[in-house]
Amino acid sequence: MLVPAHRYRSDDEDSARWAGFAFRDGDIVISTRSKSGTTWMQMICALLVLGAPELPAPLTELSPWLDWLVEPQDAVYRRLAAQPHRRFVKTHTPLDGLPLDPRVHYVVVARHPLDMAVSLYHQAGNLDRMRLSQLTGQPAPAGPPRARTPVGQWLSSWVDREVDPRAELDSLPGVLLHLSDAWARRHEPNVELVHYDDLRADLCGQMRRLADRWGLAVPPERWPDLVEAATFDRMRERADRLAPDTLGVLRDRRAFFRHGGSGQGRDLLDAAALARYRARTAALAPPDLLTWLHRDG
C-alpha cells in the first residue's frame with residue numbers, strides 16, 4: 001500500500017479517505033489550494049478527457065472532491081468506480097498527503113497567494129455556514145453573523161498570521177507548504193505544475209500542453225470549442241452545472257466565479273504590508289519558486 005507522509009484533517013476534510021482508493025492507470029489528481037484554479041483545472045480535464053464542450057453531468061459528479069467529509073466515502077468511491085473514462089479527481093491535499101502512484105498524473109495549480117487570499121475572503125462570504133455545519137455534523141454557528149473585517153485589513157492580518165501550516169492550509173504558510181512540496185517534485189514525470197496566470201494568458205497553449213503530457217488525443221477541429229468552453233466568462237455562464245455545490249453550501253453559484261483576475265491582492269496592501277509579505281514568503285519558500293510564483297510582483 002502507498003502510504004502518504006502526512007495526514008491532513010479539518011472540520012470538513014480528511015486526507016485519510018485516499019487510503020483505500022483503487023487508482024487506475026492514467027488517473028489524474030488535481031491538487032490545489034482553495035481558490036487557486038481548482039474548478040478551472042477540473043473543467044480543463046473534463047474537456048480534454050471527454051472531448052466535448054457540453055458535459056454529460058455536473059462537474060462535481062464527474063470530478064468529486066474525494067476527501068470532503070460532506071459526502072460519504074463509499075458513495076464517492078462507487079461513483080468513481082463506475083466511470084468508464086479516465087478519471088480526474090479533486091483534492092486540496094498537498095502531494096505529501098496523497099498516495100503517490102507512478103501510474104497516476106498529479107497536477108498542482110499555483111496562484112499568487114495574495115490573489116488567492118482575496119478570492120478566499122469573498123468565498124467565505126458566499127458560504128451558507130448553517131448548511132455546512134449540518135452536512136459535516138459540526139455545531140451550528142451561534143448568534144447572528146458578525147460584521148466582516150474590510151478585505152484590505154483582513155488581507156494584511158492574513159499575511160501576518162503565525163500558524164501551523166499543516167493545520168491551516170489556507171494560511172500563507174499553508175499555501176507555501178503545499179506549493180513548496182510540489183515544486184520539489186516538479187521534475188518527476190507524473191507531476192505537473194500549472195500557473196494560474198499562464199492559464200489566463202494562454203489558455204489554448206496550456207490545454208494543448210496538458211493534453212500532450214497526459215497522452216490525450218484531441219481532434220484539431222475540436223480545439224476552438226473546447227478552449228472557449230474553458231474560458232472564465234463561459235464557465236460563469238454555466239455556474240449551475242460547474243460551481244462546486246450540489247448540496248446547497250453556496251449562497252450564489254455565479255458568485256463563486258467572482259472575478260478570476262490577478263493583481264488585486266497587491267493593490268489592497270500598502271508599502272509596509274507588501275514588505276512584510278515579501279519578507280514572510282522569503283522565509284517560507286525557496287527563491288526559485290517565489291520567482292516563478294510572483295511573476296510581476
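In this predicted model, strand β1 (residues 28-32) runs parallel to β2, the two being paired over four bridges. Within this pairing, V29 lies opposite V89 of β2. Strand β2 spans residues 88-91 and is covered on both faces. In a regular strand, side chains alternate between the two faces of the sheet. On one side of β2 the buried residues are F88 and K90, while V89 and T91 are buried on the other.

These strands belong to a chain whose secondary structure amounts to 16 helices and four strands. Of its 297 residues, 54% are buried. Among contacts with a separation of 6 or more, 76% join residues 24 or more positions apart. The accessible surface of the chain is about 13400 Å², and carbon and sulfur atoms contribute 53% of that area.

The interior may be considered next. In soluble globular proteins, nonpolar side chains tend to be buried together. The largest nonpolar core here comprises 42 residues, and the members touching the most others are W18, L66, L114 and W158. Two or more residues of this core come from each of the helices α3 (73-81), α4 (113-125), α6 (151-160), α7 (172-184), α15 (271-284) and α16 (287-294), and likewise from the strands β3 (105-110) and β4 (191-195). A separate, second core contains 35 residues, including L62, V107, A211 and W223.

Notes: Residues numbered from 1 in each chain as written. Predicted model: local features only at pLDDT ≥ 70, side-chain atom pairs only at ≥ 80, totals over all residues. Heavy atoms only, no water. Buried < 20%, exposed > 50% of the residue type's maximum accessible area, 1.4 Å probe, protein only. Contact = heavy atoms within 4.5 Å. Areas by Shrake-Rupley, 256 points an atom, 1.4 Å probe, with all protein chains shown as cover. Core = buried A, V, L, I, M, F, W, Y, C linked by side-chain atoms within 4.5 Å. Pairing = 2+ DSSP bridges.
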